[in-house]
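Work through the exercises below with the sequence and the 3D view side by side, and try each task before you read its solution.

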Amino acid sequence: MIRILAFAGSARKDSFNKIILKVAAQGATEAGAKVTLIDLADFAMPLMDEDLEKKLGIPANALKFKQLLNEHDGLLIASPEHNSAYSALLKNTIDWASRRADGEKPMESFKGKVAGIMAASPGALGGLRGLVPLRMLLENIGVMVLPNQKAVAKITALLDEENKIDDEQTQVGLKRIGKELAETLAKLQR
């Protein structure tokens with residue numbers, strides 16, 4: 001079975017990116033994948049610091065996150081746009097997960113993975129500017145990023161009273177990211 005790890009680059013409880021991630025994850029599940037949805041708030045890590053790593057080793061939460069990466073075939077990532085880039089939380093998490101644990105090959109937790117990426121924002125561009133550097137980062141560490149991505153603009157106008165996407169076209173586009181990821185991974189495993 002295809003296994004996908006899904007997470008948002010936001011620790012905020014009511015994050016718009018957590019909302020869209022759930023819809024994309026549903027698309028992957030409907031396409032036959034097993035999706036593990038996690039919250040990076042549950043994996044608190046100090047700022048990446050090689051002196052800290054030398055003194056104390058890789059933090060326990062970074063090792064737990066790396067283990068999850070190793071157990072999954074693909075990634076669904078939703079990231080808020082912070083100053084035209086992905087979030088500092090997401091960058092710090094990836095930085096720690098890229099550190100070599102004993103016996104690991106370089107970038108072992110990332111190489112060969114496939115990712116679907118998305119963003120949401122109350123602004124007119126939907127976090128689109130942050131997806132460009134996120135794609136570059138992921139591809140540089142060995143992750144194949146799907147060509148299609150989704151930026152959900154003016155998301156506050158698309159939410160119902162329960163903070164769920166109330167727009168069918170947006171739901172379809174987000175589910176498509178999850179479905180394409182599951183289908184791509186299935187083809188690669190044949």
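**Exercise 1.** Decide whether phenylalanine 65 is buried or exposed.

*Solution.* Phenylalanine 65 has a relative accessibility of 1% and therefore counts as buried, where buried means under 20% relative accessible area, exposed over 50% and partly exposed in between, with a 1.4 Å probe and protein chains only. This is a predicted model, in which local features need pLDDT of at least 70 and side-chain atom pairs count only at pLDDT 80 or more, while totals for chains, interfaces and linings use all residues. Residues are numbered from 1 along each chain as its sequence is written, and side-chain values use heavy atoms, with hydrogens and water left out.

**Exercise 2.** Find how the rings of phenylalanine 43 and phenylalanine 65 are arranged.

*Solution.* First, take the centres, which are 6.2 Å apart, and then the planes, which stand at 70 degrees, so the pair is edge-to-face. Rings of Phe, Tyr and Trp (its six-membered ring) pair if their centres lie within 6.5 Å, and planes under 30 degrees apart count as stacked, over 60 as edge-to-face and the rest as tilted. Phenylalanine 43 is itself buried, at 12% relative accessible area.

**Exercise 3.** Work out which aromatic pairs a search of the whole structure finds.

*Solution.* The search finds two aromatic pairs. One of them joins phenylalanine 7 and phenylalanine 65 edge-to-face, at 5.4 Å centre to centre and 80 degrees between the planes. Phenylalanine 7 is buried too, with a relative accessible area of 2%.
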